[in-house]
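Have the structure open while you read.

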Amino acid sequence: MPIKILIPFLLILVLTVNAQVSYTPAQENLKAREWFQDAKFGMFIHWGVYSLLGDGEWVMNNQRIDKQTYQKLPAFFNPISYDPKEWVALAKAAGMKYITITSKHHDGFAMWNSRLTDWDIVDRTPYKKDVLKMLAEECKKEEIKLFFYHSHLDWYQEDYYPRGNTGQTAGRPNSGDWYKYLDFMDGELRELLTNYGEIGGIWFDGHWDKKDSDWRLDRTYSMIHNLQPACLVGNNHHLAPFPGEDFQMFEKDLPGQKTTGFNPEQSIGELPLETCETMNNSWGFNLQDKNYKSTKNLIQYLVKAAGYNSNFLLNVGPMPDGKIQPEFINTLKEIGKWMEKYGETVYGTRGGPVSPRNWGVTTWKGNKVFVHILNAEDNNILIPEFGKKVRSISHFITGTKLKFKQDAFGIAVSLPQEIMDDTDTILVIEI
């Protein structure tokens, strides 16, 4: 084959093996996507042997800890205070509808009883229990859907070779079988999808470490959908969605925004959306990180996410003993109290007919548009025209009817001072 023909052919081949080109989601999957969009709020959990060092989940890479030294950690990981009932109860108290937990992070350590490796919580720690099994059983009991965060990237397995951009100081030999590693990773996923009941989704991360490699996503995604058709596949690759994926996530950014530097190439696709954020500045437990976000800040982030037609996945990084930090608990309970009162304007909604503005966002459900005023500049607001005749505008909590004027320029609304709320003043537009 001439070189000019061969090069495009190889490019097509690479794209084909990296995406499930012929994927048609099953009806169960489409139903799960709708549930996901209605749920709106979930708990993210980063927890593993890295929590022992109190310096986040990237500690192995950031502190340049080699593999031999890192293997000493599991002997000290004994989370005797871990109680999945407490975790699930807290998620429910916060108004969360699903939990996404790290089954395996970049250090490769499996938080379940794997038959494919002894680098797991049952074989290497004095705790000797499968924490994912315990959590899965409690989630099923309390009707909370369980998702697994699973890292493509692996700083432990020697067959993760050629190396990517990270994990260069792990002290592994400069050799390995890349496809053997992918077989191993698929085997891990098969364990999670066959031994832990119904799984809401798989939340992949780490593709960006070697984004031009043949990740064989078509095979992996197909296996997941064959084992559990309703299982939603998402991938934090910071790119436009690949065929075979069922939702799209944005890391520490609202959809379409590019404030972090993670996602210069990312664009919004047609899939359900999710944005994830931390309660301080860390994903994994960080002893020194006291930069706690306020309840107001996190409620407003949740509301903004809904206005951007997105879910909000809010992270906690439990301590090594299995307890969640009291600072996180208090904030989550405060968010839950707010959701008890205002959840109707978030759950089951879609991004509103008016695009996000400086003053806030809108959400939409049925014949009601909820106007969330997060940053009122004065006691008047102009809502851009969105092509619907307004029947009435009222204050969500009191039901007070508000004066408004609708014309070609938009909908001008007068806001009495007594209805203004520092966190979120919510109006209801009936159309």
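S392 has E430 in β16 as its bridge partner. In this predicted model, that bridge belongs to the pairing of β13 with β16 (residues 425–430), which is antiparallel and runs over 4 bridges.

Where does β13 sit in the sheet, at an edge or in the middle? β13 (392–395) is at an edge, and so is β9 (350–351); each has a single partner strand, so one side of each has no neighbour in the sheet. The sheet itself is open, with 5 strands in the order β9-β10-β11-β16-β13 and antiparallel pairing.

Which strands does α10 touch when it packs on this sheet? They are β9, β10 and β11, and the direction of α10 makes about 55° with that of β10.

| Strand touched by α10 | Residues |
|---|---|
| β10 | 360–365 |
| β11 | 368–373 |

Now for the other partner of α10. Two packed helices are described by the angle between their axes and the distance between the axes. For α10 (residues 295–307) and α11 (residues 326–342), the angle is about 50° and the axes lie 10 Å apart. The crossing of the two helices, α10 and α11, is right-handed.

So who's actually meeting whom? On the α10 side it's T295, L298, I299, L302 and V303, and they meet T331, E334, I335, W338 and M339 in α11. Sorted by class, the contact of α10 with α11 has 7 nonpolar, 2 polar and 1 charged residues.

Terms used: Residues are numbered from 1 along each chain as its sequence is written. This is a predicted model: local features need pLDDT of at least 70, side-chain atom pairs count only at pLDDT 80 or more; totals for chains, interfaces and linings use all residues. Side-chain values use heavy atoms; hydrogens and water are left out. Axes are lines fitted to C-alpha atoms, for helices over the stretch in contact, and angles run from 0 to 180 degrees between N-to-C directions. A crossing is left-handed if the near helix is turned anticlockwise from the far one by less than a right angle, and right-handed if clockwise. Contact means heavy atoms within 4.5 Å. Ala, Val, Leu, Ile, Met, Phe, Trp, Tyr, Cys and Pro count as nonpolar, Asp, Glu, Lys and Arg as charged, and the others, Gly among them, as polar. Two strands pair if DSSP finds at least two bridges between them.
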